Each structure stands twice: as C-alpha cells, then as structure tokens.
Amino acid sequence: MRAAELDSEALAAEIDQRIRALPAPTTQSVRRVRRAYSEQLRTAPGEAVAAVALALVNRQRWVAYELLYHHPAGLACLGVAEVERLGQGMDHWGSVDAFGCNVSGPAWRQGNLPDAVIRGWAASPDRWWRRAALVSTVPLNLRSRGGTGDTGRTLDICGRLAADRDDMVVKALSWALRGLVVWDPDGVRSFLDARGDVLAARVRREVRNKLETGRKQASHHATGPT
C-alpha cells in the first residue's frame, strides 16, 4: 500500500467506528480490531501509519499507539513534534503508560528523541508529562520491549523526579527503578542510598523489595497503576 492510496482521516474514522460497534468491547476484542488493521497496514510506509495514528489518537488513544508500535517502520519516522502531538491530551495513568511504552520510550531508545526532550517532560508542571518521562525509561530496560539496559538515562530522569510527591509520579518512579534492577542492581542500590532522604517511602520500599526478593511487594498483591 502506497501513502497516496491511504486516506488517514477516513481510515481512522473507520477504525473508530469498528471499535464503537463492538457489542461489549474488552481489551482483547479491541486489540483484535487493531491487529486486523496492523496487518492491513503492514506494507504501508511508516509516514502513512503515523498519519493514521495522529488522526486516531483523540478517538482511540492506545489503539493509535499500538498501530505505530507494531508497524515495522511506524516509530522510525517520528520526530519530537509528532511524538508530543501523540501525547497531547493524556489524562490518565493508562494512557500515559501506553504512550511511554509504545511510543516515546521506543522512539527515545531508537534515537528519535534527544535526552533533552525527556528532561523537559520531567520538568513539566503537568503530572502526566512528568509520569511520561519516567515511563519512557521502561522500554530502555524491559527485555520484552527491546531494552538492553541504560543506567545513565534511567537514573538521570529518576534523579530529576526523586523529590516529586505526586502519587502518579511516585508510582512511575518506583517502576522505572525496578525496571533497571535486572541490569544494574548495584547502580539502583547506590541511587537509593544517595537519595534515601529525598525519595518517597513507597519508592524505597518497593525498589528494595525488588532488589532483595525480585518482586515489587513481599505479598505481591499489585493493583492499579504500576
């Protein structure tokens, strides 16, 4: 499929209508729709898929993110402007985490986003962009997301948000540090020791549990945002 053959607005509307027509939408049923369109778009240029995602994002946000992530060239054509447009309107931890894991984190890892952009998000007055900065470190370290470990960039962003007490940011900080444990436990331990008087108690507890037991919590009853 050539870019000229693809009407991004029309296709985004079609995807949205297909999802809205599901009798009892679930994550699984919506993802089946997304997979069908991913297959349809497999040979389309990355720029065309990015255009569809941008047209879809305000209607079916995480579906737009997954269309990009699962396309062979979808992320490669994104620049800073496109990534930030895809993140506009995030207002829930679920949308932020989908953005960070499927779009901004992989784009950063691939070199499409400079470190300064993520640092800028970490300084944002918007809690969701600060959370996005931290979640963007997860694909640097999570093997299932292609991560190979990145102590420097992970701890740089974590250090910038170590004193943040917004609950959504605190939870993401714990997640980011726990994601690095598998690659650099000594680096994470040193970070905890150096920042012990600044970090929230939750972060210290969960990350030390991960270091000592391999799990987030001793009883491992995790619910809600990570």
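Q: Where does L180 sit, and what makes it buried or exposed?
A: L180 is found in helix α11, a helix here being a DSSP run of H or I with at least four residues, numbered from the N terminus. Buried means under 20% relative accessible area, exposed over 50%, and partly exposed in between, using a 1.4 Å probe and protein chains only. L180 has 0% relative accessibility, so it counts as buried.

Q: Before we go on, what kind of model is this?
A: This is a predicted model, where local features need pLDDT of at least 70 and side-chain atom pairs count only at pLDDT 80 or more, while totals for chains, interfaces and linings use all residues. Residues are numbered from 1 along each chain as its sequence is written, and side-chain values use heavy atoms, with hydrogens and water left out.

Q: Which residues does L180 touch?
A: Contact means heavy atoms within 4.5 Å. Leaving aside residues up to four places away in sequence, L180 touches N141, D150, T151, T154, L155 and V188. As for V138, it is 42 residues from L180 along the chain, with 8.0 Å between their C-alpha atoms.

Q: What does L177 touch?
A: L177 touches L155, C158, V188, F191, L192, V203 and V207, again not counting residues up to four places away in sequence. L177 is also among the residues that touch the most other members of the largest nonpolar core, along with I15, L86, F99, W121 and L134. That core has 72 residues, and α11 gives the most to it, with 10. A nonpolar core is a set of buried Ala, Val, Leu, Ile, Met, Phe, Trp, Tyr and Cys residues joined through side-chain atoms within 4.5 Å.

Q: How do you know that the buried residues of α12 line one face?
A: The buried ones are G187, V188, F191 and L192. Seen down the axis of α12, they fall within an arc of 140°, so they line one face of the helix. The arc is that of the directions from the helix axis to the C-beta atoms. On the other side of α12, D186, D193 and A194 are exposed. The cover over the buried residues includes α10, α11 and α13.

Q: How do α12 and α13 pack?
A: Helix α12 (residues 185-195) and helix α13 (residues 201-213) pack at about 150°, with axes 11 Å apart. Axes are lines fitted to C-alpha atoms, for helices over the stretch in contact, and angles run from 0 to 180 degrees between N-to-C directions. P185, V188, R189, L192 and D193 in α12 meet V207, R208 and L211 in α13.

Q: What makes the buried residues of α7 lie on the same side?
A: V117, I118, W121 and A122 are the buried residues of α7. They cover an arc of only 145° around the axis, which puts them on the same side of α7. They pack against α5, α6, α8 and α10.

Definitions and conventions. Helices (H or I, at least four residues) and strands (E, at least two) are DSSP runs, numbered from the N terminus.
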